[in-house]
Amino acid sequence: QVQLVESGGGLVQAGGSLRLSCAASGRTFSSYAMGWFRQAPGKEREFVAGISWSGGSTYYADSVKGRFTISRDNAKNTVYLQMNSLKPEDTAVYYCASTFNKGVVTTTTGMDYWGKGTLVTVSS
């Protein structure tokens, strides 16, 4: 029903920046709240950032607040995650997710669709 494809991951030096994109297709993208999650090796998947269907509300994990910015362009059916001042501990596979809820969702169990992920590696 909803397909999500992440892109933009790669290798970056600590202190650098990276911009992730999530392209959505299928049912009406603008009706869904979206979120970014990440999972490091051997760790649980954790919430990073979320945005409401309208883009009017955003929420960030404390670990990334002030460094990451989530945004969406519904005309392009795309959600972005601008990551600045990257740290080695940001290294993880980053997943885009969507929910039928219009408001921000911060739990993995609250999301309905997931992308395959894109790897972000931050070197020291």
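Strands here are DSSP runs (E, at least two residues; helices are H or I, at least four), numbered from the N terminus. The model is predicted, so local features need pLDDT of at least 70 and side-chain atom pairs pLDDT 80 or more, while totals for chains, interfaces and linings use all residues. Residues are numbered from 1 along each chain as its sequence is written, and side-chain values use heavy atoms, without hydrogens and water.

- β7 and β8 run antiparallel and are joined by six bridges. Two strands count as paired if DSSP finds at least two bridges between them.
- Four residues lie between the strands in the hairpin of β7 and β8, and Asn-77 there takes a positive phi near 55 degrees.
- β8 (residues 78-83) also pairs with β3, again in the antiparallel sense and over six bridges.
- Within that pairing, Ser-21 stands opposite Tyr-80 of β8. Ala-23 has Thr-78 of β8 as its bridge partner.
- The open sheet has four strands in the order β1-β3-β8-β7, with antiparallel pairing.
- β1 (2-7) and β7 (68-73) are the edge strands, and each pairs on one side only.
- From one strand to the next, the twist averages 15 degrees. Axes are lines fitted to C-alpha atoms (for helices over the stretch in contact), and angles run from 0 to 180 degrees between N-to-C directions.
- Strands of a sheet pair through backbone hydrogen bonds, either parallel or antiparallel.
- Five of the six residues of β8 are buried. Buried means under 20% relative accessible area, exposed over 50%, and partly exposed in between (1.4 Å probe, protein chains only).

**The disulfide**

- The count is one disulfide, defined as a pair of cysteine sulfur atoms within 2.5 Å.
- Cys-22 and Cys-96 form the link, with their sulfur atoms 2.0 Å apart.
- Cys-22 sits in strand β3 (residues 18-26) and Cys-96 in strand β9 (residues 92-99), so the pair links distant parts of the chain, 74 residues apart.
- The link is left-handed, with -80 degrees about the S-S bond.
- Cys-22 and Cys-96 are both buried.

**Salt bridges**

- There are three salt bridges. Each is a side-chain nitrogen of Lys or Arg within 4 Å of a carboxyl oxygen of Asp or Glu.
- Arg-38, Glu-46, Arg-67 and Asp-90 are linked in a network of salt bridges.
- Glu-46 meets Arg-38 at 2.8 Å, N to O. Glu-46 is partly exposed at 36% relative accessibility, whereas Arg-38 is buried at 6%.
- Asp-90 meets Arg-38 at 2.9 Å, N to O. Asp-90 is in the loop between β8 and β9 and Arg-38 is in strand β4 (residues 33-39), so the pair ties together parts that are 52 residues apart in sequence.
- Asp-90 also bridges to Arg-67, the closest N and O atoms being 2.7 Å apart. Arg-67 lies in the loop between β6 (58-60) and β7, so this pair ties together parts that are 23 residues apart in sequence.
- Asp-90 is buried at 1% relative accessibility, and Arg-67 is buried at 11%.

**Glu-6, buried without a salt bridge**

- Glu-6 is in strand β1. Glu-6 is buried yet has no salt bridge.
- The nearest side chain of opposite charge is that of Arg-45, 7.5 Å away. Lys and Arg count as positive and Asp and Glu as negative, with His and the chain ends not counted.
- A polar atom of the Glu-6 side chain lies 3.1 Å from the backbone nitrogen of Lys-116.
- A polar atom of that side chain lies 2.8 Å from the backbone nitrogen of Gly-117.

Definitions and conventions: Polar contact = N/O pair within 3.5 Å; in protein donor to acceptor, adjacent residues only side chain to side chain.
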